[in-house]
Amino acid sequence: MESVDIPVPHNESQRLDALKRYNILDTLPDNAFDDATALVSYICGVPIAYISFIDESRQWFKSEIGIGVSEVPREITFCRYTIMDSKLVEIPDTLLNDRFKDDANVTGGFKIRFYAGVPLTTPDGYHIGVLCAADHMPRNLNDNQRNALKIVARHVINTLELETKNNELAGQKKIAERAVAAKDSFLANMSHEIRTPLNAVIGFTELLAGTKLDQQQRGYVKDVQTAGENLLLIVNDILDLSKIESGGLSLELQPFHLKKALRHVYDLLKIKASKGVEFNLYLDAELPEIISGDQVRLNQILMNLAGNALKFTKEGEVTISVKKTAETDEDYLIRFSVKDTGIGIPQEHIDTVFQRFTQAEESTTRKFGGTGLGLSIVKQLVELHDSTIQVKSREGLGSEFFFTLTYEKTFHETNERETLPVNDLGKLRILLCEDNRLNQKLAQNVIEGFGFEIDIAENGDQGIESLSKNQYDLVLMDLQMPVRDGYQTTNYIRKELNSSIPIIAMTAHSLAGEQDRCYDAGMDGYVPKPFKQYELLEAIKTVLKKEPRSMKRPKADLSRIEETDRKKPGWKKEVTTQFIEKAPLELKELEKALKKSDFKTVLHTAEQLQIWLHLFVLENLSKHLSNIEHEAHRKKFTAESVDSMEILFCSIEEVLKDLKKNV
């Protein structure tokens, strides 16, 4: 048998490496390449045009017109010769060409009589593929057509380069996102570990304050409450980092008594003042009584600033001054100042005091303590009010922090919270899913104090069993439980029990995005721990007044696929059929690898699944898959991955059911 002539470039190994670098082989259709192929066909006036790449054994078509196949063996291609050259190869009539006149694709096959091919050359000089124009009859190109082919070939390479750079950027973005996710995971876990015991401390203290106490006991209880609230402020400072960075922090504007709020801050902080420090609160006589604004954020700003001033001042004075500086028909401009005679800030460090985790000197942390978060959060909270904070300081002589905020005028009286919440809901039967014994006891006292009945389940499975046997009006759901966590339990209640019973998340997680995740999982309300009694009762009232929850099913969006199908008929059916066949297998492979902690296989399989999810615009499911990828990169799977896996299984099953009806 006569051997087939397969010319091989002298740099074949490096050429193949250059081709692999682009990750272009066996990829999905791309409009940019299809447009280039259409342009070549139009410019040259030919029925056949294609962009192809040559690997070890085949010619693979990224885009084609008039070919109708996705690949052919390398040994039967014209292009095996074109990649040997650096310039355009043009054959006006293949029957007059000694090399090609007896070729199978000339005498039969594609019946090529005219061929023009330009090597697709990388910036470092490797010919990885060919841009071609071909016809079933002889022809000659003019100079303009030849130049156009070369320009389009350069455009194809530029497109590849751009996509490679974009992929590199996407990779860097993923690394950054993983770092942020690792930080969020740390904050979430720390939040839960601190808030769980803190919930019990604050909750039982609140219950104790409602009993008969003598004056001394009441004083002790008040001190415990103050200490608990101060500890909660520290935890909130850390959590606010996540909320600020994600843009999830916003002002809640409500009428409040300004002077009363300022005196409350002063009363909380005066116990921190050293014996040699005079702590003062100066309020302008012209200050309005009631304004509309975010009292909680104002308290947080002043608690941080005045708390810092007291911490760094061992003798002298600390003064909070508040003055109305201007007034319009709608607003008040109010200047806040916190001034001290403490250690001051070195001039060279004034510009860095508002940076996160930064204090003026390293020795400051060792001597005075603190997280270095307070001033960073203060700065961003002031900016949230569309203002700026300024500082004047001299080392050894003290500091002054000051800012001006605009508050709306209001003529509505504030609604003071009642110390004891009022239940006007009548008798309710509530199921509590909670594994922590202290939190069980606290919730039981509070719920029974409202006049409701309560049953307790220590994990999700017990909760499901109770729901199957008994009638309840409401479920209070902890998120972190053994056996089956709050998300998995909610998913089972909604999909397997087909129940629309109101579910309120009660969680020590209080990170930005956690509340949205609870709602996405099918819960109706959200109460972060530690909770106040009135907060829990208000949440119960709110969810019981809601319309019954409608079951939201995930649904594929076929718009991208249908757009390609219009250009390439049959594409929709082909890709949908492949998804229906391959997705269940890939899911099983992913689950198996996850159980074995086979991180490499998890990442490989997840990457394949992500392509499907993006193709069918299943972005919410893609987020769950990203959770699994993130933990695989960290080489440590948690309950969150198991939860995400379960959601993917159930959701993709629903998607496939819908798609099968339309195939």
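How much space lies in the largest cavity? I looked this up before anything else. The figure is about 160 Å³. I keep in mind that this is a predicted model.

**Cavity.** I searched for cavities of 30 Å³ or more and found one. Its lining has 14 residues, and the closest to the centre are Tyr 50, Phe 78, Asn 105, Phe 110 and Ile 112. I then sorted the lining by class: 11 residues are nonpolar, three are polar and none is charged.

I turned to the UniProt record. Its unreviewed entry annotates Asp 478 as "modified residue: 4-aspartylphosphate". I located Asp 478 in the loop between β16 (474–477) and α13 (486–495). Is Asp 478 buried or exposed? Its relative accessible area is 2%, and the cut-off for buried is under 20%, so Asp 478 counts as buried. I listed its contacts, leaving aside neighbours within four places in sequence. They are Cys 433, Glu 434, Asp 435, Gly 486, Met 506, Thr 507 and Lys 529.

**Strands.** I followed β11 (residues 331–340) and its pairing with β10 (residues 316–327). The two strands run antiparallel over nine bridges. A hairpin of three residues joins β10 to β11.

Conventions
Residues are numbered from 1 along each chain as its sequence is written. This is a predicted model: local features need pLDDT of at least 70, side-chain atom pairs count only at pLDDT 80 or more; totals for chains, interfaces and linings use all residues. Side-chain values use heavy atoms; hydrogens and water are left out. Two strands pair if DSSP finds at least two bridges between them. Helices (H or I, at least four residues) and strands (E, at least two) are DSSP runs, numbered from the N terminus. UniProt positions are given in the numbering used here, feature names are shortened, and annotations may be inferred rather than shown by experiment. Buried means under 20% relative accessible area, exposed over 50%, partly exposed in between (1.4 Å probe, protein chains only). Contact means heavy atoms within 4.5 Å. On a 1 Å grid over the protein atoms alone, a cavity is a set of points where a 1.4 Å probe fits but cannot get out, and a pocket is an open set with protein on both sides within 12 Å along at least five of seven lines; lining residues have an atom within 4 Å of a point. Grid points are joined across faces, edges and corners, and a volume is the space filled by probe spheres set on the points. Ala, Val, Leu, Ile, Met, Phe, Trp, Tyr, Cys and Pro count as nonpolar, Asp, Glu, Lys and Arg as charged, and the others, Gly among them, as polar.
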